[in-house]
Amino acid sequence: MTTPQYDLSNTLPPHTLTRLAREWLAEDTPNFDPAGLCVGSHEVEARLLCKTPCSMLVGRPFFTAVFTELSCTVEWAHKEGAQLGPNAVTQTAVVRGPARCILLGERPALNCLARASGIATHCSQLQSIAREAGWHGHVAGTRKTTPGFRLVEKYAMLVGSVSIHRQDLSGMVMLKDNHIWASGSITQAVRDARSVCGFSSKIEVECGSREEGSEAATAGADIVMLDNFKPQELHAAAKLLKEEFPSVLIEASGGVTPDSLPQYLSPHVDIISLGCITQGCPVVDFSLKVQKPVPFPIIFQSK
């Protein structure tokens, strides 16, 4: 998936950003802020520095929302989704406001920016691998996200140009092995799910063999996930399923890594999902440095 150059921050409702910012700030400072006494409320300027070269800058809306809640302003030097340069340190933004407020927002804001930028940078690299190989399917994330932080991580995937897959359990039906075992069969599980999700939701079924995939497609599944297949087994099963059910989407998942991704690319596979997009993904190193006041020179005049 190649994301058009839209301003994807417009997908984030303002009230949601405000709610998240308040929750993060309340978590980090639930009571007194003793250190705030040391710095007071005089106006200061802090510079946001990126110390991971060649990173993608993502997470500006969350960073700004935190400081807006604290009556601070943020002036950005780079656009959302910008590829930061090769320099060891890149000045990315300037935050202005009361000293104690900037320090209250520092860690929650940096956490969002570091995590979102890390995921987006990783996604961009994965997308490059797929495109350089000439594959035009969807590299996708999963629901293996950090509790309470899913919106940030899914948004980072979107800006990083991969598919966010489903946002939550309500967004699309996915019948995994436990659903199948609990309901008795793939056919029964698909029938039961369709009775409540109707025509407006897709149904995906996790399958451990080509035969299970055929049963799922026959039962009316929209997407067949071939789970934990070795690459050659995947290619063979996907080809047969596509020949039998041309309109069914084929997803590959389970143990795919950036190194092994090229082995799973196939014209018969529409989607490849990777949990490593959010699990164990490196973060981008940002720091926020309050600028020291410049002392006025003392001029002595002779009498």
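Guide: Trp-24, Phe-62, Phe-149 and Tyr-155 form one aromatic cluster. This is a predicted model, in which local features need pLDDT of at least 70 and side-chain atom pairs count only at pLDDT 80 or more, while totals for chains, interfaces and linings use all residues. Residues are numbered from 1 along each chain as its sequence is written, and side-chain values use heavy atoms, with hydrogens and water left out.

Visitor: How many aromatic pairs does a search of the whole structure find?

Guide: A pair of aromatic rings is described by the distance of the centres and the angle of the planes. Rings of Phe, Tyr and Trp (its six-membered ring) pair if their centres lie within 6.5 Å; planes under 30 degrees apart count as stacked, over 60 as edge-to-face and the rest as tilted. The search finds five pairs. One of them, Phe-62 with Tyr-155, is edge-to-face, at 5.6 Å centre to centre and 75° between the planes.

Visitor: Which parts does the pair tie together?

Guide: Helices (H or I, at least four residues) are DSSP runs, numbered from the N terminus. Phe-62 lies in helix H3 (residues 60–69) and Tyr-155 in helix H5 (residues 150–159), so the pair links parts 93 residues apart in sequence.

Visitor: Are Phe-62 and Tyr-155 buried or exposed?

Guide: Both are buried (under 20% relative accessible area, with exposed over 50% and partly exposed in between, using a 1.4 Å probe and protein chains only). Eight of the ten residues of H5 are buried, so H5 is largely enclosed by the rest of the structure.

Terms used:
Helices (H or I, at least four residues) and strands (E, at least two) are DSSP runs, numbered from the N terminus.
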